[in-house]
Amino acid sequence: MMEEQKRKEAYHNSRLGQILIKKGYISPEQLDEAIHLSENHDKPLGELLIEHRMLSRWQLRRALSSQSQLRLSASLSMALLTPVYKLLSEECPEPADRTLEILLKPLLVAASASTFEFDPNLSTIEIKHNGLIRLRIPSTLGELTFDDLQLINDGSKSHLELSLADLELTNARLFLRTIHNKLDPALP
């Protein structure tokens, strides 16, 4: 019984596994099999899938790239929008960074009229050829698009450690588009 519970938790928490299924690289049954095999081996999930010929190295690289982008977009979403919560709740009446205040001003005006919520796991990221970033975040106000963000860290930090200090916001822009989204089905 405990093994079954552990397997279900591993299945649920395996973002890589979910990405592989979503991309059509493996089936849910293959993921279950790999998770079961991983209980007896000390190998990463992707390596087990390759070893048992359920996945190619190319597919694993693509899935890991997608996983990295998901983590980066969630991390940047949190870094950019956590100050909005503080400003709206008046925990921090004046933002520490004037550039951030200017960037978020349209959002703060719109959010003051209603509840503002977002799920960082639903955000998507596009890294342009010039290294600038476009981040889209569904929220209860609609889709927030941060354009021309630039990472300024040296790459030594993990995605979980990123903060506003790792972003250049001087030329960044925020667009707010009211769309139907998963966070607020009442939106048109």
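This is a predicted model: local features need pLDDT of at least 70, side-chain atom pairs count only at pLDDT 80 or more; totals for chains, interfaces and linings use all residues.

Reader: What percentage of the residues is buried?
Author: Buried residues make up 39% of the 188 residues in the protein. As for the surface, the protein exposes about 11,500 Å², and carbon and sulfur atoms supply 52% of that area.

Reader: Let us turn to the strands. Is β3 mostly covered or uncovered?
Author: Strand β3, residues 142-151, is mostly covered, with eight of its 10 residues buried.

Reader: Which strands does it pair with?
Author: Strand β3 pairs with strand β2 (residues 133-139) in the antiparallel sense, over six bridges. A hairpin of two residues joins β2 to β3, and Ser-139 stands opposite Gly-142 in β3. Strand β3 also pairs in the antiparallel sense with strand β5 (residues 173-177), over five bridges. With strand β4 (residues 167-168), β3 again pairs in the antiparallel sense, over two bridges; here Gln-150 stands opposite Glu-168 in β4.

Reader: Which residue in β5 is the bridge partner of Glu-143?
Author: The bridge partner of Glu-143 in β5 is Arg-177. Glu-143 and Arg-177 also form a salt bridge, in which the closest N and O atoms are 3.2 Å apart. Because Glu-143 lies in strand β3 and Arg-177 in strand β5, the pair ties together parts that are 34 residues apart in sequence.

Reader: Are those two residues buried or exposed?
Author: Glu-143 counts as buried because its relative accessibility is 14%, and the cut-off for buried is under 20%. Arg-177 has a relative accessible area of 48%, so Arg-177 is partly exposed.

Reader: How many salt bridges are found in the whole structure?
Author: A search of the whole structure finds 10 salt bridges. One of them joins Lys-128 to Asp-147, with the closest N and O atoms 2.6 Å apart. Lys-128 is in the loop between β1 (124-127) and β2, while Asp-147 is in strand β3, so to speak a link between distant parts of the chain, 19 residues apart.

Reader: Which other salt bridge does Asp-147 form?
Author: Asp-147 forms a salt bridge with Arg-173 as well, the closest N and O atoms being 3.2 Å apart. This pair links Asp-147 in strand β3 with Arg-173 in strand β5, 26 residues apart. Asp-147 counts as buried because its relative accessibility is 5%, whereas Arg-173, at 39% relative accessibility, counts as partly exposed. Asp-147 and Arg-173 belong to a network of salt bridges that also links Glu-126, Lys-128, Arg-134 and Asp-148.

Reader: Why can such side chains pair?
Author: Side chains of opposite charge can pair when their charged atoms come close.

Reader: A change of topic: how many residues does the largest nonpolar core have?
Author: The largest nonpolar core has 25 residues, and those with the most contacts inside it are Leu-81, Leu-107, Phe-146 and Leu-149. Helices α5 (57-88) and α6 (98-111) and strands β2 and β3 each supply at least two residues of this core. A second, separate core has 17 residues, including Leu-20, Ile-35, Leu-60 and Ala-63.

Reader: What does Leu-149 touch, beyond residues up to four places away in sequence?
Author: Among the residues that Leu-149 touches are Leu-80, Ile-133, Leu-135, Leu-167 and Ala-172.

Reader: And which residues of helix α2 are buried?
Author: In helix α2 (residues 15-22), the buried residues are Leu-16, Gly-17, Ile-19 and Leu-20. They cover an arc of only 160° around the axis, which puts them on the same side of α2. Just after α2, Gly-24 takes a positive phi of about 80°.

Reader: Finally, is Ser-75 buried or exposed?
Author: Ser-75 counts as buried because its relative accessibility is 11%. Ser-75 lies in helix α5 and, leaving aside its neighbours within four places in sequence, is in contact with His-159 and Leu-162.

Note on methods:
Residues are numbered from 1 along each chain as its sequence is written. Side-chain values use heavy atoms; hydrogens and water are left out. Buried means under 20% relative accessible area, exposed over 50%, partly exposed in between (1.4 Å probe, protein chains only). Helices (H or I, at least four residues) and strands (E, at least two) are DSSP runs, numbered from the N terminus. Two strands pair if DSSP finds at least two bridges between them. Accessible areas come from the Shrake-Rupley method with a 1.4 Å probe; for residues, only the protein chains shown count as cover. A nonpolar core is a set of buried Ala, Val, Leu, Ile, Met, Phe, Trp, Tyr and Cys residues joined through side-chain atoms within 4.5 Å. Contact means heavy atoms within 4.5 Å. The arc is that of the directions from the helix axis to the C-beta atoms. A salt bridge is a side-chain nitrogen of Lys or Arg within 4 Å of a carboxyl oxygen of Asp or Glu.
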